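Hi there,

Here is the structure I promised to pass on. Have a look at it first, and my notes follow below.

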Amino acid sequence: MHGATPGGPVPASPRLEGDKAPRSGSHPGACPRHGPVLRAQRGGHILQGSSYYGRVAHPGVGLLAATEYAVEGLTDALIGELEPLGITVTLVEPGPTATACVADLEVADPIDDYDRTVREVQKAIGVLPPEAFSPADGVAAAVLAAVDADRPPRRLVTGSFAVDEIRLALRGQMEELEAWLATAAAVDGTAAA
């Protein structure tokens with residue numbers, strides 16, 4: 001079993017304060033600090049940071065993907081909580097970007113059993129050509145375009161690599177959902193639609 005299940009509005013959660021705040025590359029830091037101001041003015045725009053690993057996972061990036069998936073779920077809840085108050089939320093999901101991120105990658109000691117999966121992905125990342133990475137200024141320009149838009153996106157994916165990876169993952173998820181629809185519906189005694 002697990003401990004207490006947190007509930008209530010995301011910005012009001014005591015789990016986002018001080019030493020209880022999430023310790024990942026991305027976390028909803030703007031919520032506790034800026035939420036009261038944005039709610040009082042009934043407007044504003046919160047940008048959340050994630051990456052395409054919030055929707056796609058490969059061998060060797062499980063812990064990174066887990067933190068990014070968490071930001072995705074939290075942002076979905078924030079959107080529902082804040083849109084009725086006139087506050088826009090955009091989750092930025094960049095693909096590989098020409099920053100120091102890959103150079104700062106912490107790699108665990110190898111385990112032979114994972115040579116054909118994790119180690120192959122690590123090798124592939126290590127030999128990506130420079131053009132495989134989106135320029136950081138291009139990502140920044142896309143974010144500014146989203147902020148200036150009349151109807152900003154809830155999710156902003158940057159880079160064609162990320163778009164292709166997410167599209168492939170979504171197609172696979174939809175195909176599997178449809179293939180198992182009868183089993184899913186049988187749980188509550190209904191026929192598949």
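The protein has 6 helices and 3 strands, taken as DSSP runs numbered from the N terminus (helices are H or I with at least four residues, strands are E with at least two). Along the sequence they come in the order α-β-α-β-α-α-β-α-α.

A word on the basis: this is a predicted model, where local features need pLDDT of at least 70 and side-chain atom pairs count only at pLDDT 80 or more, while totals for chains, interfaces and linings use all residues. Residues are numbered from 1 along each chain as its sequence is written, and side-chain values use heavy atoms, leaving out hydrogens and water.

Of the 193 residues, 26% are buried (under 20% relative accessible area; exposed is over 50%, partly exposed in between, with a 1.4 Å probe and protein chains only).

The buried residues of α4 are V139, V143 and A146. They lie on the same side of α4, because they cover an arc of only 60° around the axis, judged by the directions from the helix axis to the C-beta atoms. Turned away from that buried side are the exposed residues D137, L144 and D148.

Finally, G73 sits in helix α2 (residues 62-82) and is partly exposed, with a relative accessible area of 39%.

Best wishes
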